[in-house]
Amino acid sequence: MRHRQSLGREFGWLWAAFAASAAGTWLSLDAFPLIAVLVLHSGTAQVSVLSAAGLAAGALIAMPLGPWVEFRRKRPVMVGMDLLRFMALLTVPAAYALGGLTFAQLVVVSVIVAAANIVFTAASGAYLKALVRPDDLLVANGRFETTTWTATALGPPLGGVAIGAFGPLTTVIANAVSFLLSALGIRAIGGREAPPPDRPAQRFTPADVVEGWRYILGHPHLRPLFFNTGLVNALIMATMPLLTVLLLHDLRFAPWQYGLAFGVSCIGGLVGSRLVRPLVTRFGQHRVLVTAGTLRACWSLGLGFIGPGPWGLAVLIVVEFGLILCMGVFTPVFATYRLAHTATDRVTRTLSAWSITSSTTTAAMTACWGLLAGLTGTRTAIILAGALLLATPLLLPRRAPAPQAAPREPVGEGA
């Protein structure tokens, strides 16, 4: 019988913390828009502002924090970001209980949570690289991916039940508690963390803020992935609101059918994350990265041709399952590849720059595709996004890195 590979007690606690926060995040999916609509009676424009402001403003606030985190121990930063999100989210039910909840508060909390998400993700990536052996990074990222898709499949339906039974603020409280549990899990890792990289200068300069982007754009293996993942993620996320309108409004699917299709499709992510290790063992990391990255761009076009009735629902499930299956394979390989090709003293700034770019691009693309749908129609806008996705594999790194080669440092790199 094949036994699960152990990555140690420290990774076990990190994984448990990740699982807690992932469960809370997906349980509370769309909680703020629901609160804005059901509690504050906000309109469509305000809900759109709420979604975009959190991404854009949060990314702006997080921008100077990457260099600051780079030269500090990562575990205290992760705990701090968890506690910040815990306290920020708890202000929402507290204000509601006191009769003082406002739309402005929802926006401010969204911004704080978005900024903390970026900082936490960057710090945790650097911490993971220091915690596990390079040969175990793929296994670790595969377990994170399996956990993510499990939470994605189960969280929204359970959250919907909780909201129906106890109101929209219930899942916000659950999400806040999940960040507290994450902080406790990270704290329980114990031991001494490896010291951070030495800082070559005493003061931060504007060059420190943009160092992550400079490193990515000067790196032959990271640069194509940076453009590929940013564009693919933005195009997929930009069409999600349009797909909801198409299915629930235009095609008259019932909400339970929409939820069923999404839940069944998430099984693809579980399957994909379990296939990662055998696929990489057999075909190699680079080939799996390029193949899965290419295949994940081929499914979204089909979303524009979904029809009504049972056959339309079946097509939706097949298309989403295929897309999520490919994402389940691609994401852990991509995460491992990115960490492996990032210098140890550049990990936090690189991941921060990556997350900031992804957030701002997604926010801008979502706004543009909303306008495009108003001009051309919902289905046409979805088809156009699917067609553009077909070109994104051209941005994938075509050449595998030389074996045993150290990550290449960009020319002219400074402090």
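Colleague: Which residues does Leu128 touch, leaving out those up to four places away in sequence?

Modeller: Contact means heavy atoms within 4.5 Å. With residues up to four places away in sequence not counted, Leu128 touches Phe11, Leu14, Leu137, Ala140, Asn141, Phe144 and Leu339. This is a predicted model, in which local features need pLDDT of at least 70 and side-chain atom pairs count only at pLDDT 80 or more, whereas totals for chains, interfaces and linings use all residues. Residues are numbered from 1 along each chain as its sequence is written, and side-chain values use heavy atoms, with hydrogens and water left out.

Colleague: How many residues has the largest nonpolar core, and which have the most contacts inside it?

Modeller: In soluble globular proteins, nonpolar side chains tend to be buried together. A nonpolar core is a set of buried Ala, Val, Leu, Ile, Met, Phe, Trp, Tyr and Cys residues joined through side-chain atoms within 4.5 Å. Buried means under 20% relative accessible area, exposed over 50%, and partly exposed in between, with a 1.4 Å probe and protein chains only. The largest core here has 55 residues, and Phe11, Leu14, Leu128 and Leu225 have the most contacts inside it. Helix α6 (residues 103-131) gives the most to this core, with ten residues; helices are DSSP runs of H or I with at least four residues, numbered from the N terminus. Apart from this core lies another, of 30 residues, with Trp149, Ala153, Val232 and Leu247 among them.

Colleague: How is a helix such as α13 judged, and where does α13 bend?

Modeller: One compares its length with the expected span, which is 1.5 Å times one less than its number of residues. Helix α13 (residues 267-283) has 17 residues and reaches 23 Å from its first C-alpha to its last, close to the 24 Å expected. The bend at a residue is the angle between axes fitted to the seven residues ending there and the seven starting there. In α13 the bend is about 40 degrees at Val276, and Pro278 follows within four residues. Val276 is also one of the buried residues of α13, which include Gly268, Gly269 and Gly272. Just after the helix, Gly284 takes a positive phi of about 95 degrees.

Colleague: Which residue has a positive phi although it is not a glycine?

Modeller: Most residues other than glycine have a negative phi, and most peptide bonds are trans. Arg252, with a positive phi of about 60 degrees, is not a glycine. Arg252 is found in the loop between α11 and α12 (255-265), and counts as exposed because its relative accessibility is 64%.

Colleague: How many salt bridges does the model contain?

Modeller: Side chains of opposite charge can pair when their charged atoms come close. A salt bridge is a side-chain nitrogen of Lys or Arg within 4 Å of a carboxyl oxygen of Asp or Glu, and by this rule the count comes to seven. Asp82 pairs with Arg85, the closest N and O atoms being 2.6 Å apart. Both lie in helix α5 (residues 74-97), three residues apart, about one turn of the helix, and both are buried. Asp135 is exposed because its relative accessible area is 62%, while Asp136 is buried because its value is 8%. Glu211, Arg214, Asp345 and Arg346 are linked in a network of salt bridges.

Colleague: Is Leu323 buried or exposed?

Modeller: Leu323 counts as buried, because its relative accessibility is 4%. Its place is in helix α15. Leaving out residues up to four places away in sequence, Leu323 touches Ile236, Arg296, Trp299 and Ser300.

Technical notes. Helix = DSSP H or I, 4+ residues; strand = E, 2+ residues; numbered from the N terminus.
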